[in-house]
Amino acid sequence: MAKKRPQTKAKRPQLTDGEIPVVGAREPCPCGSGRRYKACHGRAAAQAETELVQRPFEGLPGECDWVALRELVPAATVPLTLKGGLPEGVPSVTLATVLPMAWPALRRDDGSVLLGLQNDTASGDISRDLADTLQRALEAKPGTPVQGRRAPADGPRLQDLLDAEGAFEPVVHPGFEFWVPDAENATPEVTASLERANAAAIPTVRLQGVDAAYWCETPDKNHLRWVMPHAEERLLDALARLHAAGRSSLGEGTRLVGSFRAHGLTVPVWDLPSGVTADDIEKPAAEFAERLATALATDAPLTPEERRARGGLTNRQVTLS
(Lines give C-alpha, C1' and ligand atoms only; values in the text may rest on other atoms or scores of the structure.)
Protein backbone atom coordinates (compact mmCIF):
# COMPACT_ATOMS: atom_id res chain seq x y z
CA MET A 1 0.00 0.00 0.00
CA ALA A 2 1.46 3.33 -1.09
CA LYS A 3 2.40 5.72 1.62
CA LYS A 4 0.33 8.89 1.65
CA ARG A 5 2.26 12.02 0.81
CA PRO A 6 2.09 14.70 3.42
CA GLN A 7 -0.13 17.54 2.21
CA THR A 8 1.50 20.90 1.86
CA LYS A 9 -0.27 24.17 2.23
CA ALA A 10 0.03 26.83 -0.43
CA LYS A 11 2.40 29.60 0.41
CA ARG A 12 0.84 32.63 1.92
CA PRO A 13 0.61 35.44 -0.65
CA GLN A 14 3.64 37.69 -0.50
CA LEU A 15 2.09 40.66 -2.29
CA THR A 16 -0.84 42.90 -1.48
CA ASP A 17 -3.65 43.23 -3.99
CA GLY A 18 -2.43 46.62 -5.10
CA GLU A 19 1.02 45.23 -6.01
CA ILE A 20 -0.10 42.27 -8.13
CA PRO A 21 0.72 42.76 -11.82
CA VAL A 22 -1.44 41.53 -14.69
CA VAL A 23 -0.11 38.30 -16.29
CA GLY A 24 -1.40 35.65 -18.69
CA ALA A 25 -4.56 33.79 -17.61
CA ARG A 26 -2.76 30.41 -17.35
CA GLU A 27 0.39 31.71 -15.69
CA PRO A 28 0.95 31.31 -11.92
CA CYS A 29 -0.64 34.17 -10.01
CA PRO A 30 2.08 36.63 -8.91
CA CYS A 31 0.52 36.75 -5.43
CA GLY A 32 2.20 33.43 -4.59
CA SER A 33 -0.98 31.40 -3.97
CA GLY A 34 0.12 28.59 -6.30
CA ARG A 35 -3.02 28.91 -8.43
CA ARG A 36 -3.29 30.11 -12.00
CA TYR A 37 -3.89 33.83 -12.42
CA LYS A 38 -7.36 33.35 -13.95
CA ALA A 39 -8.50 31.36 -10.89
CA CYS A 40 -7.02 33.80 -8.41
CA HIS A 41 -6.58 37.57 -8.78
CA GLY A 42 -7.45 37.34 -12.48
CA ARG A 43 -11.10 36.96 -11.53
CA ALA A 44 -11.26 40.56 -10.37
CA ALA A 45 -9.39 41.70 -13.49
CA ALA A 46 -11.81 39.81 -15.76
CA GLN A 47 -14.79 41.32 -13.97
CA ALA A 48 -13.31 44.81 -14.37
CA GLU A 49 -12.91 44.19 -18.10
CA THR A 50 -16.55 43.32 -18.62
CA GLU A 51 -18.16 45.77 -16.17
CA LEU A 52 -19.21 48.83 -18.12
CA VAL A 53 -18.92 52.15 -16.32
CA GLN A 54 -21.91 54.06 -17.64
CA ARG A 55 -20.48 57.53 -16.95
CA PRO A 56 -16.69 57.16 -17.07
CA PHE A 57 -16.07 60.93 -17.05
CA GLU A 58 -18.44 61.74 -14.18
CA GLY A 59 -16.79 63.98 -11.59
CA LEU A 60 -14.25 65.42 -14.02
CA PRO A 61 -14.37 69.12 -14.94
CA GLY A 62 -16.15 69.45 -18.28
CA GLU A 63 -17.78 66.00 -18.32
CA CYS A 64 -20.01 66.98 -21.26
CA ASP A 65 -17.03 68.16 -23.29
CA TRP A 66 -15.15 64.93 -22.50
CA VAL A 67 -18.06 63.04 -24.07
CA ALA A 68 -18.15 65.37 -27.09
CA LEU A 69 -14.42 65.04 -27.72
CA ARG A 70 -14.59 61.27 -27.34
CA GLU A 71 -17.51 60.76 -29.74
CA LEU A 72 -18.28 63.83 -31.86
CA VAL A 73 -15.34 66.17 -32.44
CA PRO A 74 -12.64 65.28 -34.99
CA ALA A 75 -9.74 67.53 -33.96
CA ALA A 76 -9.41 69.22 -30.57
CA THR A 77 -6.97 69.62 -27.70
CA VAL A 78 -7.32 70.51 -24.01
CA PRO A 79 -4.55 71.30 -21.51
CA LEU A 80 -4.88 69.01 -18.48
CA THR A 81 -4.05 69.92 -14.88
CA LEU A 82 -2.62 67.11 -12.73
CA LYS A 83 -3.07 66.78 -8.99
CA GLY A 84 0.14 67.89 -7.34
CA GLY A 85 1.45 69.57 -10.48
CA LEU A 86 3.55 68.30 -13.36
CA PRO A 87 6.42 65.84 -12.82
CA GLU A 88 9.96 67.08 -13.39
CA GLY A 89 10.82 67.11 -17.07
CA VAL A 90 7.18 67.24 -18.23
CA PRO A 91 6.37 70.81 -19.33
CA SER A 92 2.72 70.08 -20.19
CA VAL A 93 0.06 67.40 -20.53
CA THR A 94 -2.51 67.82 -23.30
CA LEU A 95 -5.57 65.76 -24.14
CA ALA A 96 -6.08 65.26 -27.88
CA THR A 97 -9.00 63.69 -29.71
CA VAL A 98 -6.72 61.63 -31.98
CA LEU A 99 -2.97 61.13 -32.28
CA PRO A 100 -0.87 60.04 -35.28
CA MET A 101 -1.33 56.39 -36.22
CA ALA A 102 -3.90 56.10 -33.42
CA TRP A 103 -1.24 56.08 -30.69
CA PRO A 104 -2.82 56.03 -27.21
CA ALA A 105 -0.27 58.61 -26.04
CA LEU A 106 2.95 60.30 -27.08
CA ARG A 107 5.87 61.71 -25.11
CA ARG A 108 7.30 64.40 -27.32
CA ASP A 109 10.98 65.22 -27.69
CA ASP A 110 10.62 68.17 -25.33
CA GLY A 111 9.10 65.93 -22.64
CA SER A 112 5.50 67.12 -23.07
CA VAL A 113 2.73 64.51 -23.16
CA LEU A 114 -0.18 64.11 -25.57
CA LEU A 115 -2.96 61.75 -24.45
CA GLY A 116 -5.29 60.37 -27.14
CA LEU A 117 -8.99 60.13 -26.28
CA GLN A 118 -10.56 58.39 -29.29
CA ASN A 119 -8.91 55.00 -28.92
CA ASP A 120 -10.26 51.50 -28.34
CA THR A 121 -9.99 50.51 -24.69
CA ALA A 122 -9.45 47.08 -23.15
CA SER A 123 -11.95 47.34 -20.30
CA GLY A 124 -15.37 48.73 -19.56
CA ASP A 125 -13.90 51.75 -17.79
CA ILE A 126 -12.47 54.28 -20.21
CA SER A 127 -11.34 56.47 -17.33
CA ARG A 128 -9.14 53.73 -15.86
CA ASP A 129 -7.65 52.85 -19.24
CA LEU A 130 -6.81 56.48 -19.99
CA ALA A 131 -5.29 56.97 -16.55
CA ASP A 132 -3.04 53.95 -17.08
CA THR A 133 -1.93 55.29 -20.46
CA LEU A 134 -1.28 58.73 -18.96
CA GLN A 135 0.85 57.34 -16.14
CA ARG A 136 2.99 55.36 -18.57
CA ALA A 137 3.34 58.40 -20.86
CA LEU A 138 4.64 60.51 -17.97
CA GLU A 139 7.39 57.94 -17.43
CA ALA A 140 8.16 57.21 -21.10
CA LYS A 141 11.36 58.36 -22.75
CA PRO A 142 10.99 61.63 -24.67
CA GLY A 143 10.32 61.06 -28.34
CA THR A 144 8.42 57.79 -27.93
CA PRO A 145 4.77 56.76 -28.33
CA VAL A 146 2.94 54.74 -25.68
CA GLN A 147 1.21 51.56 -26.82
CA GLY A 148 -2.12 50.29 -25.55
CA ARG A 149 -2.47 47.55 -22.96
CA ARG A 150 -4.91 46.12 -20.45
CA ALA A 151 -4.93 48.39 -17.42
CA PRO A 152 -4.64 46.80 -13.95
CA ALA A 153 -8.08 46.32 -12.43
CA ASP A 154 -7.11 48.25 -9.31
CA GLY A 155 -5.26 51.04 -11.10
CA PRO A 156 -6.17 54.72 -10.72
CA ARG A 157 -8.80 56.50 -12.80
CA LEU A 158 -8.59 59.93 -14.38
CA GLN A 159 -10.53 61.25 -11.39
CA ASP A 160 -7.56 60.20 -9.21
CA LEU A 161 -4.93 61.89 -11.39
CA LEU A 162 -6.53 65.13 -12.60
CA ASP A 163 -7.18 68.24 -10.53
CA ALA A 164 -10.93 68.48 -9.91
CA GLU A 165 -10.62 72.28 -9.76
CA GLY A 166 -8.66 72.56 -12.99
CA ALA A 167 -10.24 74.21 -16.02
CA PHE A 168 -11.31 72.12 -19.00
CA GLU A 169 -11.38 74.38 -22.05
CA PRO A 170 -11.31 72.56 -25.41
CA VAL A 171 -9.73 74.17 -28.44
CA VAL A 172 -11.25 72.86 -31.68
CA HIS A 173 -8.86 72.78 -34.64
CA PRO A 174 -9.65 72.77 -38.38
CA GLY A 175 -7.15 69.93 -38.84
CA PHE A 176 -4.52 67.85 -37.09
CA GLU A 177 -1.48 70.07 -37.55
CA PHE A 178 -1.11 70.17 -33.76
CA TRP A 179 0.39 66.66 -34.11
CA VAL A 180 3.66 67.99 -35.47
CA PRO A 181 5.36 71.16 -34.20
CA ASP A 182 7.68 70.99 -37.22
CA ALA A 183 5.70 69.55 -40.13
CA GLU A 184 8.62 69.86 -42.58
CA ASN A 185 10.67 67.36 -40.59
CA ALA A 186 7.87 64.88 -39.86
CA THR A 187 8.41 61.24 -40.84
CA PRO A 188 6.66 59.99 -43.99
CA GLU A 189 4.38 57.80 -41.86
CA VAL A 190 3.23 60.74 -39.73
CA THR A 191 2.81 62.97 -42.80
CA ALA A 192 0.64 60.36 -44.51
CA SER A 193 -1.41 59.86 -41.35
CA LEU A 194 -1.89 63.64 -41.07
CA GLU A 195 -3.11 63.92 -44.65
CA ARG A 196 -5.62 61.09 -44.21
CA ALA A 197 -6.93 62.54 -40.96
CA ASN A 198 -7.35 66.05 -42.38
CA ALA A 199 -9.22 64.70 -45.40
CA ALA A 200 -11.73 62.91 -43.16
CA ALA A 201 -12.26 65.70 -40.61
CA ILE A 202 -15.72 67.31 -40.55
CA PRO A 203 -15.56 71.10 -39.98
CA THR A 204 -16.60 71.61 -36.35
CA VAL A 205 -16.97 74.64 -34.08
CA ARG A 206 -17.68 74.79 -30.34
CA LEU A 207 -20.27 77.39 -29.42
CA GLN A 208 -19.18 80.05 -26.94
CA GLY A 209 -22.50 81.04 -25.37
CA VAL A 210 -23.56 77.61 -24.06
CA ASP A 211 -21.68 74.60 -22.73
CA ALA A 212 -20.67 71.56 -24.80
CA ALA A 213 -22.61 72.46 -27.96
CA TYR A 214 -20.84 71.74 -31.26
CA TRP A 215 -21.83 72.95 -34.72
CA CYS A 216 -20.64 70.84 -37.64
CA GLU A 217 -20.85 71.09 -41.41
CA THR A 218 -21.74 68.22 -43.72
CA PRO A 219 -22.30 68.26 -47.50
CA ASP A 220 -26.12 68.29 -47.38
CA LYS A 221 -26.88 70.15 -44.14
CA ASN A 222 -25.32 71.40 -40.96
CA HIS A 223 -25.98 70.14 -37.44
CA LEU A 224 -25.82 71.21 -33.83
CA ARG A 225 -24.97 68.42 -31.37
CA TRP A 226 -25.30 69.47 -27.75
CA VAL A 227 -24.12 67.24 -24.89
CA MET A 228 -26.30 67.88 -21.84
CA PRO A 229 -25.70 66.92 -18.19
CA HIS A 230 -29.33 66.40 -17.18
CA ALA A 231 -30.84 63.03 -16.28
CA GLU A 232 -32.09 61.39 -19.46
CA GLU A 233 -35.74 60.90 -18.51
CA ARG A 234 -36.14 64.43 -17.19
CA LEU A 235 -34.40 65.88 -20.24
CA LEU A 236 -36.61 63.93 -22.66
CA ASP A 237 -39.70 65.16 -20.81
CA ALA A 238 -38.50 68.76 -21.10
CA LEU A 239 -37.63 68.40 -24.79
CA ALA A 240 -41.05 66.84 -25.41
CA ARG A 241 -42.81 69.77 -23.73
CA LEU A 242 -40.94 72.21 -25.96
CA HIS A 243 -41.40 70.10 -29.08
CA ALA A 244 -45.17 69.78 -28.57
CA ALA A 245 -45.38 73.56 -28.06
CA GLY A 246 -43.44 74.25 -31.26
CA ARG A 247 -40.54 75.75 -29.30
CA SER A 248 -37.81 73.13 -29.80
CA SER A 249 -36.24 74.60 -32.95
CA LEU A 250 -33.30 76.98 -33.16
CA GLY A 251 -34.86 79.27 -35.74
CA GLU A 252 -36.33 79.13 -39.23
CA GLY A 253 -35.45 75.97 -41.13
CA THR A 254 -33.97 74.21 -38.09
CA ARG A 255 -35.40 71.08 -36.49
CA LEU A 256 -34.76 68.94 -33.42
CA VAL A 257 -34.38 65.51 -35.05
CA GLY A 258 -33.42 63.21 -32.17
CA SER A 259 -30.56 62.51 -29.84
CA PHE A 260 -27.54 60.35 -29.15
CA ARG A 261 -26.76 58.47 -25.96
CA ALA A 262 -23.08 58.57 -25.10
CA HIS A 263 -21.28 57.62 -21.88
CA GLY A 264 -24.35 58.10 -19.72
CA LEU A 265 -25.36 61.47 -21.17
CA THR A 266 -27.91 62.56 -23.77
CA VAL A 267 -26.95 64.57 -26.86
CA PRO A 268 -29.86 66.33 -28.63
CA VAL A 269 -29.25 66.91 -32.35
CA TRP A 270 -30.68 69.63 -34.59
CA ASP A 271 -30.64 69.77 -38.37
CA LEU A 272 -29.67 73.21 -39.67
CA PRO A 273 -29.82 74.67 -43.18
CA SER A 274 -26.45 74.52 -44.94
CA GLY A 275 -26.16 78.30 -44.84
CA VAL A 276 -26.48 78.51 -41.03
CA THR A 277 -23.05 78.98 -39.45
CA ALA A 278 -21.86 78.51 -35.88
CA ASP A 279 -22.07 82.28 -35.33
CA ASP A 280 -25.64 82.32 -36.61
CA ILE A 281 -26.73 79.73 -34.04
CA GLU A 282 -25.13 81.30 -30.95
CA LYS A 283 -28.09 83.53 -30.02
CA PRO A 284 -30.81 80.93 -30.79
CA ALA A 285 -28.93 78.33 -28.72
CA ALA A 286 -28.70 80.68 -25.73
CA GLU A 287 -32.43 81.42 -26.02
CA PHE A 288 -33.22 77.71 -26.24
CA ALA A 289 -31.15 77.09 -23.08
CA GLU A 290 -33.49 79.47 -21.21
CA ARG A 291 -36.60 77.71 -22.54
CA LEU A 292 -35.13 74.33 -21.62
CA ALA A 293 -34.35 75.47 -18.06
CA THR A 294 -38.01 76.44 -17.62
CA ALA A 295 -39.20 73.12 -19.03
CA LEU A 296 -36.81 71.16 -16.80
CA ALA A 297 -38.29 72.88 -13.75
CA THR A 298 -41.82 71.76 -14.64
CA ASP A 299 -43.16 68.71 -12.78
CA ALA A 300 -46.66 68.55 -14.28
CA PRO A 301 -47.61 65.27 -16.01
CA LEU A 302 -47.10 65.24 -19.77
CA THR A 303 -50.17 65.99 -21.87
CA PRO A 304 -51.20 63.53 -24.62
CA GLU A 305 -49.50 65.76 -27.23
CA GLU A 306 -46.34 65.91 -25.14
CA ARG A 307 -46.34 62.11 -24.67
CA ARG A 308 -46.57 61.66 -28.43
CA ALA A 309 -43.72 64.11 -28.90
CA ARG A 310 -41.67 62.22 -26.33
CA GLY A 311 -42.31 58.92 -28.07
CA GLY A 312 -41.09 60.39 -31.33
CA LEU A 313 -37.91 61.69 -29.71
CA THR A 314 -37.29 58.35 -27.98
CA ASN A 315 -37.70 56.46 -31.26
CA ARG A 316 -35.06 58.66 -32.83
CA GLN A 317 -32.37 57.98 -30.22
CA VAL A 318 -29.07 56.39 -31.27
CA THR A 319 -26.68 54.92 -28.70
CA LEU A 320 -23.03 55.66 -29.42
CA SER A 321 -21.56 53.98 -26.34
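Predicted model: local features only at pLDDT ≥ 70, side-chain atom pairs only at ≥ 80, totals over all residues.
A word on names: helices (H or I, at least four residues) and strands (E, at least two) are DSSP runs, numbered from the N terminus. Two strands pair if DSSP finds at least two bridges between them.

Let's start with the sheet that holds β9. It is an open sheet of 6 strands in the order β7-β8-β9-β11-β10-β12, and its pairing is mixed. At the edges sit β7 (204-206) and β12 (317-319), each pairing on one side only. From one strand to the next, the twist averages 25°; for angles like this, axes are lines fitted to C-alpha atoms, for helices over the stretch in contact, and the values run from 0 to 180 degrees between N-to-C directions. Strands of a sheet pair through backbone hydrogen bonds, either parallel or antiparallel. Here β8 (residues 213-217) and β9 (residues 222-226) run antiparallel, joined by 5 bridges.

Now follow β11 (265-272). Antiparallel pairing links β11 to β9 through 4 bridges, with L224 opposite W270. Strand β10 (255-262) is also antiparallel to β11, this time through 7 bridges, and F260 stands opposite V267. The hairpin of β10 and β11 has 2 residues between the strands, and H263 there takes a positive phi near 50°.

How many of the 8 residues of β11 are buried? It turns out to be 8 of the 8, so the strand is largely enclosed by the rest of the structure. Buried means under 20% relative accessible area, exposed means over 50%, and partly exposed is in between (1.4 Å probe, protein chains only). In a regular strand the side chains alternate between the two faces of the sheet. Both faces of β11 are covered, with L265, V267, V269 and D271 buried on one side and T266, P268, W270 and L272 buried on the other.

Leaving aside neighbours within four places in sequence, T266 is in contact (heavy atoms within 4.5 Å) with residues including W226, E232, L235, F260 and Q317. Helix α6 (residues 232-244) lies across β10, β11 and β12, running at about 25° to β11.

The other helix to look at here is α7 (residues 278-296). The expected span of a helix is 1.5 Å times one less than its number of residues, so the 19 residues of α7 should span 27 Å; the end C-alpha atoms are 25 Å apart, which agrees. Still, α7 has a kink of about 25° centred on P284, where the bend is the angle between axes fitted to the seven residues ending at a residue and the seven starting there. Among the buried residues of α7 are I281, P284, F288 and L292, and the helix's buried residues pack against β7, β8, β9, α6 and β11.

What about aromatic rings? The whole structure holds 7 aromatic pairs. Rings of Phe, Tyr and Trp (its six-membered ring) pair if their centres lie within 6.5 Å; planes under 30 degrees apart count as stacked, over 60 as edge-to-face and the rest as tilted. W226 and F288 make another tilted pair, with centres 6.0 Å apart and planes at 55°. Since W226 lies in β9 and F288 in α7, this pair ties together parts that are 62 residues apart in sequence. Both W226 and F288 are buried. Elsewhere, F57, W66 and F168 form one aromatic cluster.

Finally, there is another open sheet of 6 strands, in the order β5-β3-β4-β2-β1-β6, again with mixed pairing. Its edges are β5 (144-146) and β6 (171-172), each with a single partner strand, so one side of each is left without a neighbour in the sheet. Strand β3 (residues 105-107) pairs with β5 in the antiparallel sense over 3 bridges, and R107 has T144 as its bridge partner. Helix α3 (residues 126-139) lies across β2, β3, β4 and β5, running at about 160° to β4.

Technical notes. Residues numbered from 1 in each chain as written. Heavy atoms only, no water.
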